Amino acid sequence: MTNEAGLSVSELNLIISEAVRRDPRTRSVLVRGEVSGFRNQIASGHWYFSLKDAQASIGCAMFRNANLRAQIRPKDGDQVLAEGYVDFYAPQGKMQLIVTGLRPAGLGDMYVKLEELKRKLADEGLFDPGRKRQLPMKPRKVAVVTSQSGAALHDILNVSALRCPAIPIVLIPVTVQGTGAGKEIAEGIRKANETDADVIIVARGGGSAEDLWCFNDEIVARAVAASEKPVVSGVGHEIDTSLCDLAADVRASTPSNAAEIVFPDSRELQGRVNLMRSALTRAETAEIRKAELRLTGLRQRLSALSPEKRIALLESRRELLKLQLCGAIGTRLENAAKGTADARNALKLAVSGRMKDAEHTAARLRERLTAVSPLAVLNRGYALVYDQEEKILTRAEEAKTRKEMTLQFADGRVAVTGKGTV
């Protein structure tokens with residue numbers, strides 16, 4: 001029941017939206033149809049297109065998080081199977097299919113078999129990351145296994161000419177689509193291994209899943225895995241992943257990308273060479289500087305240990321000791337001289353004192369001797385009488401017997417002649 005004012009458009013659309021969401025038949029559907037009006041919204045990464053058949057169409061949206069996992073990138077006219085759910089977009093009153101999975105229509109059984117084969121080869125280790133080999137930094141020659149008339153070869157030649165035209169390319173022409181293509185590709189890989197190329201590119205431009213299906217051939221995957229030379233697979237577009245890609249040493253998103261991976265950019269390579277040369281020069285300069293420092297240190301140590309230096313050092317020490325010894329001796333001599341002078345002075349004083357004492361004593365004795373000297377008596381008028389033999393005569397008897405005698409007065413002598421007894 002509705003009121004007299006009626007439902008608003010928003011109310012009606014909300015009712016429709018809830019009804020659609022509640023209907024279990026619309027929650028999970030698988031729809032077959034032809035793609036029309038496909039467009040990729042660059043800013044958001046979402047895909048928008050319509051699915052149609054002869055009588056009807058429905059708008060579809062496949063959001064970025066879902067289309068990144070899509071098995072194909074659809075284009076107008078492709079027959080596809082779309083998984084998802086029905087949604088009513090209320091703001092625009094528009095019914096649409098929200099696509100969560102997308103694969104080519106009519107290839108359902110083939111995809112099932114492909115998944116089985118993929119698991120089988122994975123179990124055998126053909127896709128093991130440990131088997132992946134490093135590519136040469138600058139290959140001497142590159143073998144390309146692709147169609148002689150395809151766009152892939154054209155793209156590879158253009159990229160290689162721009163990046164490093166000096167590297168030669170050997171083409172192994174094969175059929176890259178249709179019946180028998182897988183066998184030709186596998187044989188082409190075998191032939192590429194017989195050349196003197198360093199690396200192999202297996203390439204093909206974009207196309208439908210059916211066009212690229214030959215690269216899912218088991219014989220191709222095994223040929224890639226058995227290759228003695230590294231293989232770069234550049235098949236289809238970025239969203240296309242084949243067994244050839246999985247078995248290859250490097251998977252490129254496109255043939256052009258494969259060429260960018262294999263052929264080094266000569267300008268970038270030259271830049272790296274320049275950087276390496278600069279780094280090598282810096283390292284060499286640093287090593288030379290370190291060696292010079294070590295050499296200087298060794299020279300200094302050797303110079304310090306040389307006999308001439310040792311002799312000079314000893315001589316220097318000897319001169320120093322000599323100066324120190326001379327100084328010490330001088331000091332000792334000065335001290336000794338000072339002591340000697342003091343002793344001499346003391347001795348002089350002592351001798352002078354003793355001399356004075358002796359003189360004083362001598363004076364006293366002289367006075368005493370003078371006092372008792374016979375000569376002193378002479379001054380009082382007495383005289384001494386000597387005979388001829390200088391014998392003092394003390395008695396008159398003795399004088400009587402002497403004929404010649406000498407009288408000693410205080411002021412001199414007088415000779416006298418004796419005449420016998422007086």
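**Figure 1. Packing of helix 5 against helix 10 in the predicted model.** In this predicted model, helix 5, which covers residues 151-163, packs against helix 10, which covers residues 255-262, at an angle of about 30° and with 8 Å between the two axes. Because angles under 35 degrees count as roughly parallel, helix 5 and helix 10 are described as roughly parallel to each other. The crossing of these two helices, helix 5 and helix 10, is right-handed. On the side of helix 5, the contact is formed by Ala152, Asp155, Ile156, Val159 and Arg163, and these meet Pro255, Ser256, Ala259 and Glu260 of helix 10. Sorted by class, the residues in the contact of helix 5 with helix 10 comprise 5 nonpolar, 1 polar and 3 charged.

Figure 2. Is serine 160 buried or exposed? Its relative accessible area is 5%, and serine 160 is therefore buried, since the term applies to values under 20%. When the neighbours within four places in sequence are left aside, serine 160 is in contact with Pro165, Ile169 and Phe263.

Figure 3. Proline 139 lies in the loop between helix 4, residues 108-123, and strand 6, residues 142-146. With a relative accessibility of 2%, proline 139 counts as buried. Which residues does proline 139 contact, leaving aside its neighbours within four places in sequence? They are Ile167, Asp198, Val199, Val262 and Pro264. Phenylalanine 263 is 124 residues apart from proline 139 along the chain, and yet the C-alpha atoms of these two residues are separated by 7.6 Å.

**Figure 4. Helix 6 beside helix 8.** Helix 6 spans residues 181-193 and helix 8 spans residues 218-226, and their axes come within 8 Å of each other while crossing at roughly 10°. Helix 6 and helix 8 are therefore roughly parallel to each other. From helix 6, the residues that make the contact are Gly182, Lys183, Ile185, Ala186 and Ile189, and from helix 8 they are Ile219, Val220, Ala223 and Val224. By class, the contact of helix 6 with helix 8 holds 7 nonpolar, 1 polar and 1 charged residues.

**Figure 5. Helix 11 meeting helix 12.** Helix 11, residues 266-305, and helix 12, residues 307-372, pack at an angle of about 55°, and their axes are 5 Å apart. This angle makes helix 11 oblique to helix 12. In the contact, Ser303, Ala304 and Leu305 of helix 11 meet Pro307, Lys309 and Arg310 of helix 12. The residues of this contact between helix 11 and helix 12 divide into 3 nonpolar, 1 polar and 2 charged.

Figure 6. Serine 242 is placed in the loop between strand 9, residues 231-235, and helix 9, residues 243-247. Its relative accessible area is 5%, so serine 242 is buried. Apart from neighbours within four places in sequence, serine 242 is in contact with Phe215, Asn216 and Val235. How far apart in space are serine 242 and glutamine 270, C-alpha to C-alpha? The separation is 35 Å, for two residues that are 28 residues apart in sequence.

**Figure 7. Glutamate 390 and its positive phi.** Most residues other than glycine have a negative phi. Glutamate 390, although it is not a glycine, has a positive phi of about 65°. This residue, glutamate 390, is found in the loop between strand 11, residues 384-386, and helix 14, residues 396-400. At 43% relative accessibility, glutamate 390 counts as partly exposed.

**Figure 8. Cysteine 60 and cysteine 164.** Cysteine 60 has a relative accessible area of 3% and is therefore buried. Cysteine 164, at 3% relative accessibility, likewise counts as buried. A disulfide is a covalent bond between the sulfur atoms of two cysteines, and a search of the whole structure finds 0 disulfides.

Conventions
Residues are numbered from 1 along each chain as its sequence is written. This is a predicted model: local features need pLDDT of at least 70, side-chain atom pairs count only at pLDDT 80 or more; totals for chains, interfaces and linings use all residues. Side-chain values use heavy atoms; hydrogens and water are left out. Helices (H or I, at least four residues) and strands (E, at least two) are DSSP runs, numbered from the N terminus. Buried means under 20% relative accessible area, exposed over 50%, partly exposed in between (1.4 Å probe, protein chains only). Contact means heavy atoms within 4.5 Å. Axes are lines fitted to C-alpha atoms, for helices over the stretch in contact, and angles run from 0 to 180 degrees between N-to-C directions. Angles under 35 degrees count as roughly parallel, over 145 as roughly antiparallel, 65 to 115 as roughly perpendicular and the rest as oblique. A crossing is left-handed if the near helix is turned anticlockwise from the far one by less than a right angle, and right-handed if clockwise. Ala, Val, Leu, Ile, Met, Phe, Trp, Tyr, Cys and Pro count as nonpolar, Asp, Glu, Lys and Arg as charged, and the others, Gly among them, as polar. A disulfide is a pair of cysteine sulfur atoms within 2.5 Å.
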